[in-house]
Amino acid sequence: MKTPSFASIDYNLSSPIGCAIINKLQTFCTATHSQQIHYSFRTTILTPQLVQSTLHNCPSDLIALSFFFWCARQPDYFHDRAAFNHMADVVNRLLQLLPTVNRIINQLEGIGCVTKPQTFLLLLRIFWHGGMYNMAFEAFEGMISYGYTPNTYARNIFMDVLFKVGRSDVALQMLKETEDLNFLTFSIAICNLCKLNDLINIRDVLRKMLRKGYYLNAGNCSMVMNCFCKVGRLAEALQLLALMICQGNTISVTVWSILIDGFCKSGELVMAGYLLEKMVEFGCSPNLVTCTSLIKGFLESKMPDNALRILSTMESKGCPADLVLCNVLIDCLSKTGRYDDALDVFFSFPKRELVPDSYTLCSVMSAVCKSRQFDLLPILIDGIAIQTDLVVCNYLLSYFCRAGHPAGAVELYNDMIDRGFEPDGYSYAGLLSGLCGTGRIGDALNVYRAIVSNQYCLDPHIHTIILDGLIRSGKFLGAIRLFREAVAEKYPLDVFSYTVAIHGLIRGGRIGEACSLYSQMKDVGVTPNAYTYKIMLSGFCREKDINMVRQILQEMTDAGIKLDYKAFYQVKNLLLKSRRSCSALYLFVEMCNSELVLDKAMGALLLKGLALRVNVSGNLGGNREVDTSGSDEISDVAASVG
């Protein structure tokens, strides 16, 4: 590859100075001695703008690279980021013709560019800047093969490349072997280790850094603090804070905010409040980010009054809530059941001059659905320019299904497809719910078959929705067959999927199969939830199987799950109608002593029913199993349960 004749190229440069640079570039590219190059250009004052213009107008990429190297050798001149950005594109094009570093070096030597250590260093920087890490390896190895010893700066760049390609072990070894360590060396290591959440090596590097007499700057301190707080190592985060204070460093509001946020997320609000006091004591005023963390922490700890007090104090001092904080308020207030307060925050948007985003709309829809005030949503979003994305569409699908308008969900899904949205698991769930809700079970089954056969989404929720739809429509056998297919195909199934299938078996009169599936669920490691126990308890109460009722109640006791009112009344009716008085009484005592009964009123109601039954017939159901099952025994039971 030879450089074309300069005489045959029309440069058409934009300035006379640029023309002068290119004219001298001819001499530069044909010169053989560095002394000639120096005298040829020493009268030109280089500026980043002039160099950038010349690089853009160079007749070839190879000449641009050689000119870039020459500029870097000039006294008191340093290339800026824009120049490296441009050269990354230049070198990338060169690599398509000259795929190795050695071939690029040979071509540069062919046009008179002398190879020096700086040549490899600049190539290394270009590759590093452009993300061409494989070529960075070649440049570093080429430097060594030419007999040059990489300096600390070159080793720092190569160490960062090693971290970025996932060779942190080799990078740390290079850190140990580097003799002239500087602040950049430690900074690169700490930044990369924080991204990896490698706390052990972060501590080791920090110790070595302090022994060398270097201290963390504000940026590095924020990264390390954030890393400690993110993984819950709050004690070490406090140690780092103490170290920074002892060194006399000014602690930024960012560092204080990260630390306070860490304690808020862990639920240690007392410590978070103490840090806030210390923050003010050290002369650092909390900002909106700090207050947002505290408000969110109090709301998630179910202390909304404290959170609203902080909000009021913050706004009284001239720090109004922004969109992020308002979104947090709507979301957290909704989760704590304060739906009216959440909606009040949304209604305050015009006064605050805030425009809701997609996260706001999703939070508002969640509040509306949880409060079951479905008719409010059209009023709330009336006149708002909604920036629809996939998340908003999925929330709207859920809203239509829960509001009792499944046809709207199906229509919205079709509109989403027409608009070019690519559906995800939530979208398919909304479509299936809509189809089942409108009674289109056949269409729902076709969609489900297409989803699983093409493996669009194997989320357990998809299986649960179609099973529930089949059961609600009375197709118990179809639901059971579908569930067995899902088990055979090893589709992911969760506790909800199993519970819905058990419900279908019980409603279909197959209590034995329901028991088998219940045991199978536990064998595969799926833990029953409160709804599972409720379904099983309901089935056994219907079958009047007191022994199995006792077993389920014992499992509920072990799991720490209490009876709700409906399940309680089912058990109460079973006991009152049972002819096995002794079993009924012992079961009642077990329920009360294990605190399965939700409150004393429920226990008293059951006790009253049992006492009435005994007084009327002398035993439960007229079949005397034990002679002592009279009113005195009931009194003893009452005494035993307080």
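Author: Let us begin with annotations: UniProt positions are given in the numbering used here, and annotations may be inferred rather than shown by experiment. Please note also that this model is predicted.

Reader: Which residues does the annotation "repeat: PPR" cover?

Author: According to the unreviewed UniProt entry, the annotation covers residues 217–251, 252–286, 287–321, 322–356, 389–423, 494–528 and 529–563. Over residues 217–251, the chain is 74% helix and 0% strand, with its end C-alpha atoms 10 Å apart. Residues 494–528 likewise have 74% helix and 0% strand, and 10 Å lies between the end C-alpha atoms.

Reader: Which residues of H4 and H7 meet?

Author: Leu65, Phe68, Phe69 and Ala72 in H4 meet Gln118, Thr119, Leu122, Leu123 and Ile126 in H7. By class, this contact has 7 nonpolar, 2 polar and no charged residues.

Reader: Is Leu181 buried or exposed?

Author: Buried means under 20% relative accessible area; Leu181 has 12% relative accessibility and therefore counts as buried. Leu181 lies in the loop between helix H10 (168–177) and helix H11 (183–195). Beyond residues up to four places away in sequence, Leu181 touches Leu175, Phe186, Lys208, Lys212 and Tyr214. Leu181 and Lys212 are 31 residues apart in sequence, with 8.3 Å between their C-alpha atoms.

Notes:
Residues are numbered from 1 along each chain as its sequence is written. This is a predicted model: local features need pLDDT of at least 70, side-chain atom pairs count only at pLDDT 80 or more; totals for chains, interfaces and linings use all residues. Side-chain values use heavy atoms; hydrogens and water are left out. Helices (H or I, at least four residues) and strands (E, at least two) are DSSP runs, numbered from the N terminus. Buried means under 20% relative accessible area, exposed over 50%, partly exposed in between (1.4 Å probe, protein chains only). Contact means heavy atoms within 4.5 Å. Ala, Val, Leu, Ile, Met, Phe, Trp, Tyr, Cys and Pro count as nonpolar, Asp, Glu, Lys and Arg as charged, and the others, Gly among them, as polar.
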